[in-house]
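Here's a quick briefing to read alongside the model. Have the sequence and the 3D view open while you go through it.

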Amino acid sequence: MNLPFDPIERAHDNWTHRWGASPAMAAVTSVMRAQQILIGELDGALKPFGLTFARYEALVLLTFSSTGALPLGKIGERLMVHPTSVTNTIDRLEGQGFVRRLPNPSDGRGVLAEITDTGREVTEQATQALLGMEFGLSCYSDDELWRMHEMFTRLRVDFGDFPEPVAGSAERR
């Protein structure tokens, strides 16, 4: 875009004149723009692997599973997405040969998604590409990234994603 001014600052100035200052409006608009930028960058880096960030997240989740397979409901829960989105994601990954569906032995009606060897290979390659671009966040220091993470953790706790973490429970490397 390369605009000669910050459109979010301009919007906040206009907002302030009409309704009063709102740091929340400026912050949420910045977060939404940052999300647009990051999705564009991440999806662009993943395109050579035939992936979007949503599909990549599903593959990574399956690689974290001890068996390489999870029920579709568990995938949706862990990725915090609607069941329809999980079905669509797994459909696409299955069509690419990155996952396969299996009957869930512990639930006669359920289905597992299992990562294939090809899926594992593409996950490793895609991960290296994302690490190489620092997930689009190379303009921040490690300390800034951890502070950003902590700030959004508070929002997620407040909205009920999970309980408040115990202080000092997560060690960083």
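The largest nonpolar core has 25 residues, and those with the most contacts inside it are L51, Y56, L59, I75, I90 and L93. A nonpolar core here is a set of buried Ala, Val, Leu, Ile, Met, Phe, Trp, Tyr and Cys residues joined through side-chain atoms within 4.5 Å. Keep in mind that this is a predicted model, where local features need pLDDT of at least 70, side-chain atom pairs count only at pLDDT 80 or more, and totals for chains, interfaces and linings use all residues. Residues are numbered from 1 along each chain as its sequence is written, and side-chain values use heavy atoms, with hydrogens and water left out.

- As background, nonpolar side chains in soluble globular proteins tend to be buried together.

**Surface patches**

- On the nonpolar side, V28, V31, M32, F152, L155 and F159 make a surface patch of about 580 Å².
- Both α2 and α7 give two or more residues to that nonpolar patch, and α2 gives the most, with 3 residues.
- F152 sits in helix α7 and is partly exposed, because its relative accessible area is 37%; the cut-offs are under 20% for buried, over 50% for exposed and in between for partly exposed (1.4 Å probe, protein chains only).
- On the charged side, E134, D142, D143 and E144 gather in a patch of negative charge on the surface.
- E134 is placed in the loop between α6 (117-132) and α7 (142-158), and counts as partly exposed at 43% relative accessibility.
- Both kinds of patch use residues with over 30% relative accessible area and no salt bridge, joining like charges within 9 Å and nonpolar side chains (Val, Leu, Ile, Met, Phe, Trp, Tyr) within 5 Å.
- Lys and Arg count as positive and Asp and Glu as negative, while His and the chain ends are not counted; the place of a charge is NZ of Lys, CZ of Arg, CG of Asp or CD of Glu.
- Accessible areas come from the Shrake-Rupley method with a 1.4 Å probe, and for residues only the protein chains shown count as cover.

**Salt bridges**

- Searching the whole structure turns up 4 salt bridges, each being a side-chain nitrogen of Lys or Arg within 4 Å of a carboxyl oxygen of Asp or Glu.
- R100 and E114 pair up through their side chains at 2.7 Å, N to O.
- R100 lies in strand β2 and E114 in strand β3, so this pair ties together parts that are 14 residues apart in sequence.
- In that pair, R100 is partly exposed, with a relative accessible area of 38%, whereas E114 is buried at 18%.
- R101 and E94 form a salt bridge at 2.6 Å, N to O; R101 is partly exposed at 26% relative accessible area, and E94 is partly exposed at 32%.
- D161 and R156 meet in a salt bridge at 3.6 Å, N to O, with D161 partly exposed at 39% and R156 partly exposed at 29%.

**Backbone angles**

- Most residues other than glycine have a negative phi.
- M80 is not a glycine, yet has a positive phi of about 60 degrees.
- M80 is found in the loop between α4 and α5 and is exposed, with a relative accessible area of 52%.
- F135 also isn't glycine, and its phi is positive, near 55 degrees.
- F135 belongs to the loop between α6 and α7 and is partly exposed at 30% relative accessible area.

**Pairs separated in sequence**

- Q125 and F49 are 76 residues apart in sequence and 8.0 Å apart in space, C-alpha to C-alpha.
- Q125 is in helix α6 and counts as partly exposed at 45% relative accessibility.
- L102 and P71 are 31 residues apart in sequence and 9.2 Å apart in space, C-alpha to C-alpha.
- L102 has its place in strand β2 (residues 99-103) and is partly exposed, with a relative accessible area of 28%.

Conventions. Helices (H or I, at least four residues) and strands (E, at least two) are DSSP runs, numbered from the N terminus.
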